[in-house]
Amino acid sequence: MAQTKTRKTKTKYKTPKPKKMVAVKEQAAQYSFAPMILIPTEHPHIARKPSSGEPYVRNVGVTVRAVVEIIYRLKQTPEEIIADGYSPDMTLAHIYDALSFYHDHKKEVDDIIAANDRAGERALKLSRKLSAEYKSRQKRKASYVGNNGG
């Protein structure tokens with residue numbers, strides 16, 4: 001029996017070469033975002049985000065607003081926030097500096113909190129409206145199918 005030879009067809013597409021195994025940390029670094037550039041404040045652990053001006057806890061990625069709301073609305077102590085693991089990089093120094101910033105800029109942070117609350121209320125209102133519209137469409141669809149023997 002004669003053996004048939006298989007011909008390789010040339011394509012203009014190159015097959016990717018297998019990549020070397022890279023340490024997980026190095027591999028994750030390839031996909032990480034560029035560090036956020038923050039504007040420093042008079043508080044060592046607090047900086048402002050340039051796009052919104054909202055104060056953030058530096059190197060933690062948590063807003064001062066969030067810290068204030070957790071402490072004053074949810075009635076958690078700084079120690080409980082750390083114990084709950086809210087943010088693994090957050091320390092007591094970060095929390096106390098966020099509170100210090102809040103008390104130095106109370107009106108500003110309260111305005112940010114109020115704006116966030118209003119945005120949440122608008123989102124909830126819109127969500128309820130869309131949900132009601134969806135349910136109404138589903139009822140009409142069900143009655144149409146039921147009336148037409150579908």
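A salt bridge is taken here to be a side-chain nitrogen of Lys or Arg within 4 Å of a carboxyl oxygen of Asp or Glu. By that criterion the side chains of Asp 111 and Lys 107 meet in a salt bridge, with 3.1 Å from N to O, and the search of the whole structure finds seven salt bridges. The model is a predicted one, and its confidence deserves attention before the contacts are read further.

The mean pLDDT of the protein chain is 82, and 72% of its residues reach 70 or more. Confidence is lowest in helix H1, residues 24–31, where the mean is 49, and highest in H4, where the mean is 97. Over residues 22–29 pLDDT stays under 50, and for this stretch the model has one contact beyond four places in sequence. Where pLDDT is low, the predicted coordinates should not be read in detail.

With that caution in place, the overall layout can be described. The protein chain has five helices and four strands, and along the sequence these follow the pattern α-β-β-β-β-α-α-α-α. Of the contacts between residues at least 6 apart in sequence, 47% join residues at least 24 apart. Buried residues make up 23% of the 150 residues, while the chain exposes about 12500 Å², of which carbon and sulfur atoms supply 57%.

Which residues of the largest nonpolar core touch the most other members? Within this core of 19 residues, they are Val 64, Val 67, Met 90, Ile 95 and Val 109. The elements that give two or more residues to the core are helix H2 (64–73), helix H4 (92–104) and helix H5 (106–147), and H2 gives the most, with six residues. H2 is also mostly covered, since eight of its ten residues are buried; these are Val 64, Arg 65, Ala 66, Val 67, Val 68, Glu 69, Ile 70 and Ile 71, a list that includes the charged residues Arg 65 and Glu 69. Just after H2, Lys 75 takes a positive phi of about 60 degrees.

Leaving aside its neighbours within four places in sequence, Val 109 is in contact with Val 64, Arg 65, Val 68, Phe 101 and Tyr 102.

Ile 82, Leu 92 and Tyr 96 form a nonpolar patch on the surface, with about 250 Å² of accessible area together. Tyr 96 lies in helix H4, and its relative accessible area of 42% makes this residue partly exposed.

Glu 108 forms a salt bridge with Arg 48, the closest N and O atoms being 2.5 Å apart. This pair links distant parts of the chain, as Glu 108 is in helix H5 and Arg 48 is in strand E2 (residues 46–48), 60 residues apart. Are the two partners buried or exposed? Glu 108 is partly exposed, with a relative accessible area of 27%, whereas Arg 48 counts as buried because its relative accessibility is 19%, and buried means under 20%.

Other salt bridges lie within a helix. Asp 110 forms one with Lys 106, with the closest N and O atoms 3.3 Å apart, and both residues lie in helix H5, four residues apart, about one turn of the helix. An α-helix has 3.6 residues a turn, so residues three or four places apart point the same way. Asp 110 is partly exposed at 28% relative accessible area, and Lys 106 is partly exposed at 39%. In the other pair, Asp 111 is partly exposed at 40%, while Lys 107 counts as exposed at 60%.

Finally, salt bridges that share partners join Glu 54, Arg 65, Glu 69, Arg 73 and Asp 117 into one network.

How values were computed: Residues are numbered from 1 along each chain as its sequence is written. This is a predicted model: local features need pLDDT of at least 70, side-chain atom pairs count only at pLDDT 80 or more; totals for chains, interfaces and linings use all residues. Side-chain values use heavy atoms; hydrogens and water are left out. Buried means under 20% relative accessible area, exposed over 50%, partly exposed in between (1.4 Å probe, protein chains only). Contact means heavy atoms within 4.5 Å. Accessible areas come from the Shrake-Rupley method with a 1.4 Å probe; for residues, only the protein chains shown count as cover. A nonpolar core is a set of buried Ala, Val, Leu, Ile, Met, Phe, Trp, Tyr and Cys residues joined through side-chain atoms within 4.5 Å. Patches are made of residues with over 30% relative accessible area and no salt bridge: like charges are joined within 9 Å, nonpolar side chains (Val, Leu, Ile, Met, Phe, Trp, Tyr) within 5 Å. pLDDT is the predictor's confidence in each residue, from 0 to 100.
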